[in-house]
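Reader: I would like a close look at a single part of this model. Please keep it brisk.

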Amino acid sequence: MRQAPLLGERRELEVGSDLPLRGIKVLDLGHAILGPTCGLILADMGADVVKVERAPEGDDTRRLRGFGVGFFHYFNRNKRSLALDLKQEEGKEVLRRLIQRADVLLENFGPGTMDRLGFPYETCAEINPGLIYCTLKGFMPGPYEKRPSLDNLVQMMGGLAYMTGPKGRPLRAGTSVIDIVGGMFGAMGIITALYERTRTGKGQLVRATLFEATAFLVGQHMAMAAITGQAPPPMPEGQMPWGIYDLFDSRDGEMIFLGITSDQQWERFCEVFGLKDLAGDQRLRTNNDRVRERAWLIPRLKEEVSRLSTSEIVERSEKASIPYAPILRPDQLLEDPQLLKGGGLVETVLPSGKKARLPKLPLRLDDYDFGLRREPPGVGEHSREVLEEAGFSQEEIESLLGKKVVTCSPR
């Protein structure tokens, strides 16, 4: 039985050994986006994350097309890959031995899968009482607990799709926002449990779920309903709390968002955009006044703004120091000057061999660089070294490889 280490205890010298989660060993049994997001956060922060994939084919997201093309490559950097067949008893024994040495195990299999494999929390806690066991599911314990779940599904049943699309046309968000947020909450729970373990020496069960994460995101609308006694309208049709919070067309056919959220911003906007009559209009003196007058005010502003080019709108918005934003596509962020100069992107080798800059964690802690230490791994790329570190002899490793309990392949 391994004694739980202090959080961040340096147990071995490795790449990224100066990062906050150095020395923390993680078994990432995640797949798709929810689990891998959780593992990615821990890996970027310096944990030694071993992605345990199904042997011999590996994570299904390696072969997805359409919107899924980037899933594996984006969510699995800084991890090592162990390809393991958990349907074989010898594969289960490998996992048991790895659990003895691990600090964290995370999984997002369907309900009941870990029980059927023989690795529920209770069993893993007996193997290693210091283990932090994070289960990422669709629902917390309750009536829905055993339902299968998807990001899209919980956006629909959790009110997010209703709030995003116009009335009668529920619309999912334009990214896997709930899978990602669920993974973030999982990582937050793991780090909290690791911190608590420094006091108690004991591990614990961490739960993070998609449906409850969605409810958390729409909580502001739930509070609105509780206060007003009325169902909130979808965001495209509801009343914004700000007088100007809209999309505007420029003279050259592009669109730009302008948001004016204070009376001081309104004064500067009117001055710089040459709207002296509006600046002196007592009907528009405060933000709440402007909200009441939106029916005629917004068409008037759209007419004024449409006479300007996009570059002129940007220049004047900068001068007035008001919030503004051009409407960009995700591919345009690959060369975004803020992300490039601010260090928000990290260069990664793509499956084709080309390189691209992809987002780092949107987080800074002093001078830590949460950058790239390992490229996303090939299937079982690190199987041999992971087993060697876990104390398997060369004979045992060759036997496991020969029986295809474990597979090992280069990137």
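How much space lies in the largest cavity?

Author: About 130 Å³. This is a predicted model, where local features need pLDDT of at least 70, side-chain atom pairs count only at pLDDT 80 or more, and totals for chains, interfaces and linings use all residues. Residues are numbered from 1 along each chain as its sequence is written, and side-chain values use heavy atoms, with hydrogens and water left out.

First, the terms. A cavity is a set of points, on a 1 Å grid over the protein atoms alone, where a 1.4 Å probe fits but cannot get out. Its lining residues have an atom within 4 Å of a point. Grid points are joined across faces, edges and corners, and a volume is the space filled by probe spheres set on the points.

By this rule there are 2 cavities of 30 Å³ or more.

Four elements each supply at least two lining residues: β1 (25-29), β2 (48-54), α3 (89-101) and α17 (383-389). Helices (H or I, at least four residues) and strands (E, at least two) are DSSP runs, numbered from the N terminus. β1 gives the most, with 3 residues. The lining includes Lys25, Val26 and Leu27. Asp48 and Val50 are also among the lining residues.

How values were computed:
On a 1 Å grid over the protein atoms alone, a cavity is a set of points where a 1.4 Å probe fits but cannot get out, and a pocket is an open set with protein on both sides within 12 Å along at least five of seven lines; lining residues have an atom within 4 Å of a point.
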